[in-house]
Amino acid sequence: MEVSAHGVSAPGPLYEIGGQRFTAASIGFAEAIASARATHQRPRCLCTPEGVEMYVARLAGPLGGYIVKRMPDTGCRHACDCPSFEPPADLSGLGQLLGTAITEDPATGQTSLRLGFPLTKLPCRSQMPPAGGESESVCTDGTKLSLRGLLHYLWDQAELTKWHPGFAGKRTWGTVRRQLLSASEDMFARGDSLRSRLYIPETFFLDQCDEITARRSAQWLHALSVPGRPQHLMLLIGEVKEIVPARYGFKVVVKHVPDQGFAIDQQLYRRLGRHFETELALWGASEHIRMVIIATFSVSGTGVPTIVELSLMPVTLHWLPIEDGFEERLIERLVAECRSFVKGLRYNLGKESTLANATLTDCDGSAPLLFVVKEDSASTQSHRPKLSSSIPVWLWYSSSEAMPPLPPRRIARFSPLDSHTPHTW
């Protein structure tokens, strides 16, 4: 969680700015970070004895203002209960992409993305996911973001991979949408603002139908087909309601867009079923799993959206991403036991790569890493070389044993900030 001068509802960290200490609620905090920005000072987060350097970025939008953000690739240096904490990037697919596909500039607060998929469609050409292999939409060389990689990055930056017991019942689609749009504000790809290409459906209200449709139509003008010219594509992120035959071809029906399906052709429909067999089977087996789609799409001259390329991501009812039934059991247990944690994401990595499924942030000392091990015990040795011996590791051999007890949480320590309501993401 980043902390802005406009205030938050969560207990915030303590910062040192110009020799003085502030929280986000302190009198003079907004002025202090504005001055730090103007004089190129680096605030320090005091979540650890030595502190961790941060930077001040300008907020996008008409209200302006400033925000304190962690420096690139420093999340693991923060205390595990600090809002700026992130697990080490090399324990997820993020480590492969930082500095290559993802480049953050602390001087401007902007993030440049290298995409492994087109945002322009040439006449008479189409892109489709490969028939087999991993759950990505395209094959990449690891230095560009696939569609799935982009979705994972946005989910991470929107902090939808973080969970705290106080979030229960408060993470609605409206909240998910707001956080994703906020996360995309300072992202750029191929010199263009990612936010300008991103369509995330508004929460639908029948009495606001005309206004919502008008705003949607205005945004889709960017992807309107012009005969003989390359066509700009929009990016869709939404929750899938169903993927079904239409009167002609097939369509994806997205929740909160009840009046307009997204067309897909027969070939893409067939390949979709083969390529995302695991995800679709998981979604179909349980009413407690949602399916999130990310897709590029064009808009015909008659206003019909057609999907060009897509990827799918199953999530729990709390919008926490999962890969299979074992990971779902782990995440649901963490939520049921009121634990605080960060969900790991694969980005461009294949399923054979080691991934910390979750990182607990409510334990004393180093944050324990949780691994679901599906193979025999010999395969767990692949987890060890990447980790410091001081980092606790929890392993569940899901094919041969019941889930073991989770690492114990820290003993609660009273703080005057504990009475505040946690941030509602």
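This is a predicted model: local features need pLDDT of at least 70, side-chain atom pairs count only at pLDDT 80 or more; totals for chains, interfaces and linings use all residues.
Me: How many bridges join strand β15 to β18, and which way do the two run?

Reply: Two strands pair if DSSP finds at least two bridges between them. Strands themselves are DSSP runs of E, at least two residues, and helices are runs of H or I, at least four residues, both numbered from the N terminus. Here six bridges join β15 (residues 234–245) to β18, and these strands run antiparallel. Residues are numbered from 1 along each chain as its sequence is written, and side-chain values use heavy atoms, with hydrogens and water left out.

Me: And what about β18 and β19, how many bridges join them?

Reply: Eleven bridges join β18 to β19 (residues 305–316), again running antiparallel. S298 stands opposite T306 in β19. The two strands form a hairpin with five residues between them, and G303 in that turn has a positive phi of about 90°.

Me: Which way do the residues of β18 point?

Reply: In a regular strand the side chains alternate between the two faces of the sheet. In β18, I289, M291, I293, A295, F297 and V299 point one way, while R290, V292, I294, T296 and S298 point the other way. Buried means under 20% relative accessible area, with a 1.4 Å probe and protein chains only. Eleven of the eleven residues of β18 (residues 289–299) are buried, so the strand is largely enclosed by the rest of the structure.

Me: Which strands stand at the edges of the open sheet?

Reply: That sheet has four strands in the order β7-β8-β11-β12, with mixed pairing. β7 (102–105) and β12 (192–193) each have a single partner strand, so one side of each is left without a neighbour in the sheet. Two bridges join β11 (residues 187–189) to β12, running antiparallel, and A189 stands opposite D192.

Me: Last one: at what angle do helices α2 and α3 pack?

Reply: Axes are lines fitted to C-alpha atoms, for helices over the stretch in contact, and angles run from 0 to 180 degrees between N-to-C directions. Helix α2 (residues 147–157) and helix α3 (residues 173–184) pack at about 100°, with axes 8 Å apart. Angles of 65 to 115 degrees count as roughly perpendicular, so that is what α2 and α3 are. The contact (heavy atoms within 4.5 Å) is made by L154, W155 and Q157 of α2 and V176, L180, A183 and S184 of α3.

Technical notes
Angles under 35 degrees count as roughly parallel, over 145 as roughly antiparallel, 65 to 115 as roughly perpendicular and the rest as oblique. Buried means under 20% relative accessible area, exposed over 50%, partly exposed in between (1.4 Å probe, protein chains only).
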